[in-house]
Amino acid sequence: MNGYTTHEFDVLVIGAGGAGLRAAIEASGNGTKVALICKSLLGKAHTVMAEGGMAAALGNADDRDSWSTHFADTMRGGMYLNNSRMAELHAKEAADRVNELEAWGAVFDRTPEGRINQRNFGGHKYRRLAHVGDRTGLEMIRTLQDHGIHQGFEVFMEYTVVDLLMDGGRVAGAFAYERNHGTFHLFRAKAVILATGGLGRCYKITSNSWEGTGDGHALAYHAGAEMRDMEFLQFHPTGMVWPPSVRGILVTEGVRGEGGILQNSEGRRFMFDDIPDAYSHQTSDNEEEGWRYITGDKQARRPPELLTRDHVARCIIREIKEGRGSPHGGVFLNIHWIKEHIKDAEGHIKKKLPSMYHQFKELAGVDITKESMEVGPTTHYVMGGIKVDADTQMSTVPGLFAAGECAGGLHGANRLGGNSLSDLVVFGKRAGQYAAEYASAHDMPTIDEGQVQDITQETLAPFERGDTGENPFQIQQALQEMMQAKAGIVRTHAEMAEGLEELQRLKARAATCGVQSNRDFNPGWNTALDLKPLLACSEMILMSAIDRKESRGGHYHDDYPEKCPEHGKWNTIIQKGADGTMTRRESEIPAIRSDLQGIIEENQR
Amino acid sequence: MSKATFRISRGSGGDLTPADYEIEIGEGMVVLDAVHQIQYEGASDLAVRWNCKAGKCGSCSAEINGMPRLMCMTRLEDLDLSQPVTVEPMRAFPHVRDLVTDVSFNYRAKKSIKPFKPRKPDNADGTWNMKQEDVERVQEFRKCIECFLCQDVCHVLRDHHKHEEFIGPRHFVYSAALEMHPLDTEDRVADLKKAQGIGYCNITKCCTVVCPEHIKITDNAIIPLKERVVDEFYDPLTKLFRMFKPKK
Ligand SMILES: Cc1cc2nc3c(=O)[nH]c(=O)nc-3n(C[C@H](O)[C@H](O)[C@H](O)COP(=O)(O)OP(=O)(O)OC[C@H]3O[C@@H](n4cnc5c(N)ncnc54)[C@H](O)[C@@H]3O)c2cc1C
Ligand code: SF4
Ligand code: SF4
Ligand code: FES
């Protein structure tokens, strides 16, 4: 059963989260033939889990906001390793993309004047996140899905792409298996858009679903694309820590946006103890002012719980390490204290944070309107990704585009909360538009039969080893434990070097894994195939991290705990070498356009 | 640590045999953890659909001890572990393998519903004004995570297999979300009556009982839609009145 079905499209979109759906919508029309492939059912992609909101300078909740402030906040949050043109386009276009969602049926929470309401989030100077309670991602994906199914593109759900096909240096399509029956499908296409999301599943403790295995990162890497900033992972400060089975599940930053405070075992609000200089002018140094900010007082400065995620996560680690953690190895997140200020605090919490209320009630037996939550850092988001042209989203491989979490550049060394959902639609649209243009200007590429034969063989190899091979779930878990220990939130040179060595052993183990029975919906087989991208991504992370000898954003190097200005001048680039091994180099950051530089400086004051 | 036994339906294409797995269980575990544990300990080919493991995506629907539920939100502490816990696939859809069914019917049913069609924007910048109290009704329906548990439990689909004539409670919730959207101008009432079979629903409320999002499917979605059908088709005066009245 090595045969396959061939499909032909102008544009092939791989991934049906916010980025992929928006790209498919844009590419369709004008007679362009578009296919959308996803590993899960439509509407189940990671985007559905996003909670807190979508950043856009609508200026509804605070009329002082503008695209330029949003731009400056994004650059500061990213510690200036961002692609400044992407940050500019994102800040300028996000508001239109939010309004467009409303035109397609999204129902955001409202201001008293009847406009789209916006909430506070870390690193954003003004109230900027359009939201629907704490289920904003569901609203976004459902709106795009329900609009998208009437736009004429064809959906292939529960199809997994295992490799990109190449015609010389240009992308020629993708090879996939269908999950329910394991049949093979060859998608020949003039342009391919990767919108495959993140890679949190490289780690043991993560907020990501099983899909977050970094497939797009690995597919692009193997196709020869340049990858940037792979050392930068976002460890979200607040994941659940108890009970063990839910460890890592996200607790939205919206809790802190609504006034939630972080406390150690002594009851101290430890975030007041360490406020970085870059933020001291916008951060309150007392409880009273912090609360006024939450209630919308424009004179007040932000509470320190809303500092950027990398910083908050490290403060939490410090409290835990120094013995002031909670019983199960986290710290306390307290939202019930707002009853000191609000009459119907219980009702307010349930209205603003309904899914957090249910999540804790049902999974941990904790009533957040009365008790504090126990939280700790969880692997959440990858800032690094496929290097793309800011305007068109084309990678360094002709015909191959990328958008959303799998693309790199917008967020630099650290992403601000809410800047992902807006990223998805801003750059999803652009990728769709330019991929369609590319397709109309190019002929159908040629398929290399030899490559296809190699792929089918590799894909079926785990069956040949059968029961004698190692269980793929066990190899996957070993890899996740290794990455958690060697490339986690606090890194050292010695541990990363060990990690790279262990990775070679894990690669060897992966080559011996075997699976039972047949190709029908077989999670063992599917997991065996996920090992390849997981290993490639883990190696990219380790290779990039070990040589950034400073601490910046999502990369904290314990041997070099300070930020180093010299290292702020380059991005890490990973690329597959001619001999098939992974190479790393530094690429100088081009000078920021003078008008944008001016905006940055103005906002530093 | 204590042990528990899970009796999981295994097989393909509806040909199912229960298989017992005994595993160690830990604090706070949910049924989906147990299934993963069983995969890890040897049954790597045990088919199960899941994504978020946090009750947000609606992928992991199954029948646990005969009740349609999300596997990731069913805590072992809430089950009687002195007996084997049965885990079976949903029954209203064609079976694929083990705990996985073919839910594509739902995607076809949704496509048959006319899409959102907004009125002209209120503001020059192309935006609209809506009050929070005017959107709350619709926001309840938009919480739906498309787990299809309500479809699974509805006798019109489960026992009478009216899949070609009846779109099911999930899609009445979806229709209601569109029909009651303050900006929408489309009319879906004729479709609901004819092609989408709302008349088959005899308000047993089984769907409301199983909804993990606690959407009041029958009271808030289906009954108001049925009233619209009655208004439009059986009450000539209202019908006439509606023709001249702007919608909503
Ligand atoms: C719990 C949680 C809460 C979050 N909250 C927020 C928030 O409030 N605000 C915010 O801005 N961001 C938030 N984020 C981040 C944000 O949700 C994600 O970064 C974003 O949704 C990623 O979207 P995407 O379109 O890039 O990819 P995803 O939504 O991850 O979708 C990836 C798609 O690619 C498909 N795919 C992957 N590999 C393959 C393959 N090999 N073959 C075929 N298809 C494939 C998948 O099936 C899926 O359809 C949150 C993240 C999490 C985990
Ligand atoms: S109330 Fe109607 S839709 Fe719901 S289960 Fe009963 S018959 Fe089905
Ligand atoms: S209405 Fe409730 S039960 Fe039905 S699909 Fe939606 S969330 Fe599931
Ligand atoms: S896995 Fe998402 S709802 Fe259970």
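**Close-up 1. Glu63(B) faces Pro68(B) across a strand pair.** In this predicted model, Glu63(B) stands opposite Pro68(B), which belongs to strand 4 of chain B. Strand 3 of chain B covers residues 61-64. Four bridges join strand 3 to strand 4 of chain B, and the two run antiparallel. Strands pair when DSSP finds at least two bridges between them. Strands (E, at least two residues) and helices (H or I, at least four) are DSSP runs numbered from the N terminus.

Residues are numbered from 1 along each chain as its sequence is written, while chains are lettered from A and ligands numbered from 1 in the order in which they are written. Local features need pLDDT of at least 70, side-chain atom pairs count only at pLDDT 80 or more, and totals for chains, interfaces and linings use all residues.

**Close-up 2. Five strands of chain B form an open sheet.** The order is 2-1-5-3-4, with mixed pairing. Strand 2 (17-25) and strand 4 (67-70) of chain B stand at the edges. Each has a single partner strand, so one side of each is left without a neighbour in the sheet. The twist averages 35° from one strand to the next. Axes are lines fitted to C-alpha atoms, for helices over the stretch in contact (C-beta atoms, placed from the backbone, within 7 Å). Angles run from 0 to 180 degrees between N-to-C directions.

**Close-up 3. Ligand 3 is surrounded by 17 residues.** A residue counts if its C-beta atom, placed from the backbone, lies within 6 Å. Among the closest are Cys144(B), Cys147(B) and Arg170(B). Helix 6 (169-179) of chain B gives the most to this shell, with three residues.
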